[in-house]
Amino acid sequence: MGSETEFGIHAPNSPGANATWLSSQVIAAYARLTRSASRPETGWDYTDETPLRDARGWSVERSEAHPDQLTDAEPVLTAEAVALAHGPAEIELDGDQEPALMNLVLGNGARLYVDHAHPEYSSPEVTNPRDALRWDVAGDAVALATVRALADDPARGPINLYKNNTDGKGASYGSHENYLVPRSVPFSDLVRGLTPFFVSRQLVCGAGRVGLGQDGKGPGYQVSQRADYFEAEVGLETTMRRPIINTRDEPHAVADKYRRLHVIIGDANVSHVANYLKFGTTALVLSLIEAGRAPQVEVHEPVSAMHRLSHDTSLGERVRLLDGRQVTGLELQWMYFEAAAKLAADTGVATADGGDGHTAEVLARWERALTDLGGDRDAAAGYVEWLAKLRVLEGYRSRDGLAWGDARLGLVDIQWSDVRPERGIALRLAARGSLETMVGPASVAAAVAEPPPDTRAWFRGTSIKRFPGSVVSASWDSVVFATPGSYRLQRVPTREPLRGTRALTQGLFDEHARIEDFLAALLGERRT
């Protein structure tokens with residue numbers, strides 16, 4: 001599993017600047033930082049990208065695709081965009097003039113790049129929700145480092161970044177999740193099993209939003225930042241007619257063995273617990289689907305139901321099931337929790353001896369959240385993000401007599417997600433213990449520098465750090481090397497996500513200091 005976060009971006013001194021150009025400055029700032037710290041980074045290999053392949057059995061013609069769907073090529077920064085930005089056409093790195101940077105593969109195995117005019121951090125692949133949280137928060141630290149660097153450089157900054165999903169003016173940007181599932185699981189089973197879960201998951205994982213409707217002009221507060229922007233039940237798009245279930249069939253792995261479930265419906269979470277539960281509960285529901293034990297429920301008009309649940313912070317709203325029942329969002333979540341707890345008990349994965357080490361914690365935190373949301377909302381506000389934000393906003397409303405349509409509340413909403421700890425309201429609450437945290441600064445700092453040890457991300461990140469001058473590009477399923485004295489490039493496929501781990505490759509890195517010897521040994525082992 002892994003995360004993708006498109007950060008909101010704002011340059012207070014350049015209100016007319018082109019967002020793509022601003023985002024490229026973020027990428028360049030981090031490149032300068034990591035190069036000076038002797039952690040060189042590299043570019044992206046687009047060879048195996050297939051964004052127009054649909055899991056329902058067809059592919060969209062390139063000529064018919066929306067430009068935002070063409071993620072298999074690097075964004076182009078036009079001269080016009082640069083001119084509008086009032087900035088240079090080139091950026092300076094290490095004293096030389098180089099083209100604006102759009103892509104970096106980092107030494108921790110992550111990707112930092114420009115996507116849809118936003119700087120995006122895509123975490124390395126991990127095997128459990130604890131690590132998903134840890135390497136996602138590492139992306140927040142990367143974002144903060146760039147903000148600090150740009151603020152110190154009067155020629156380029158400041159540029160501020162926000163871990164949110166909407167600018168309050170009608171634009172929405174994504175916080176996506178990815179899960180590897182067996183290709184043998186029918187896609188229709190995923191749609192049927194996940195839709196009711198995703199409709200109601202926001203009650204546990206929503207980040208909260210001031211304003212109703214896509215333009216945010218409706219006065220009020222709602223559970224989810226993203227819910228109002230979804231208009232379809234199933235589809236390939238991610239930036240228009242957004243679907244609850246995305247059908248992009250781009251596995252970034254052995255295609256006949258795996259499917260990558262690309263989840264676009266989640267909010268960007270600053271709350272550690274909400275972020276952790278987003279990954280952990282979804283992983284458990286996928287296990288239910290794979291075992292054929294997902295709750296047999298279907299929601300009538302799920303898009304409308306999702307909007308209504310988001311707009312009701314009392315959590316009393318009921319949605320209709322196709323069997324005629326009327327249930328609340330919490331009741332839907334309890335159905336999934338009880339099914340997951342029963343599967344865990346039957347298979348023993350949550351036991352102290354012989355368990356997987358993660359299921360028991362996810363179940364305990366999920367049960368606590370559902371219980372508190374149904375009764376002790378003050379307790380839930382210490383870790384459920386939308387409630388924590390609501391508590392802050394109600395404080396402002398009570399103190400200053402503000403109606404929900406007051407623009408000052410919208411500013412508080414945006415300030416909630418500022419990545420600067422002295423400015424971000426959520427981070428300030430966490431610093432004083434009012435918002436529960438699960439990973440500490442030292443753990444996050446280590447995740448910024450090091451890749452996860454138990455997936456192919458270890459090989460990718462370690463290759464970049466050990467052979468910085470020889471790695472030409474990389475992707476989720478490849479690392480491309482150049483060797484001294486040769487015009488040929490050597491592309492090493494990494495399509496099996498659980499190969500390339502520290503246990504399998506550390507010896508090769510330790511034994512071979514020269515890239516020629518390393519590749520000879522690596523490819524020799526692959527052939528045998």
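Guide: Happy to! The chain averages a pLDDT of 90, and 89% of the residues score at least 70; pLDDT is the predictor's confidence in each residue, from 0 to 100. This is a predicted model: local features need pLDDT of at least 70, side-chain atom pairs count only at pLDDT 80 or more, and totals for chains, interfaces and linings use all residues. Residues are numbered from 1 along each chain as its sequence is written, and side-chain values use heavy atoms, leaving out hydrogens and water.

Visitor: Where is the pLDDT below 50?

Guide: Over residues 81-98. Beyond near neighbours in sequence, that stretch has 34 contacts in the model, a contact being heavy atoms within 4.5 Å. Where pLDDT is low, the predicted coordinates should not be read in detail.

Visitor: OK, new topic. What order do the six strands of the open sheet come in?

Guide: The order is E8-E9-E10-E1-E12-E17, with antiparallel pairing. Strands (E, at least two residues) and helices (H or I, at least four) are DSSP runs, numbered from the N terminus. Two strands pair if DSSP finds at least two bridges between them.

Visitor: Which are the edge strands?

Guide: E8 (103-105) and E17 (258-263), each pairing on one side only.

Visitor: And how many bridges join E1 to E12?

Guide: Four, between E1 (residues 2-6) and E12 (residues 175-182). In one of them, Gly-2 has Asn-178 of E12 as its partner.

Visitor: What does H5 touch when it packs on the sheet?

Guide: H5 touches E1, E12 and E17, and its direction makes about 30° with that of E12. Axes are lines fitted to C-alpha atoms, for helices over the stretch in contact, and angles run from 0 to 180 degrees between N-to-C directions.

Visitor: How do H5 and H7 cross?

Guide: The axes of H5 (residues 272-290) and H7 (residues 329-347) come within 10 Å and cross at roughly 70°. The two helices are therefore roughly perpendicular, a label for angles of 65 to 115 degrees (under 35 is roughly parallel, over 145 roughly antiparallel, the rest oblique).

Visitor: Which residues of H5 and H7 make the contact?

Guide: Leu-284, Val-285, Ser-287 and Leu-288 of H5 meet Tyr-336, Ala-339, Ala-340 and Leu-343 of H7.

Visitor: One more: what about H4 and H6, at what angle do they pack?

Guide: H4 (residues 187-205) and H6 (residues 302-311) pack at about 15°, their axes 9 Å apart. That makes H4 roughly parallel to H6.
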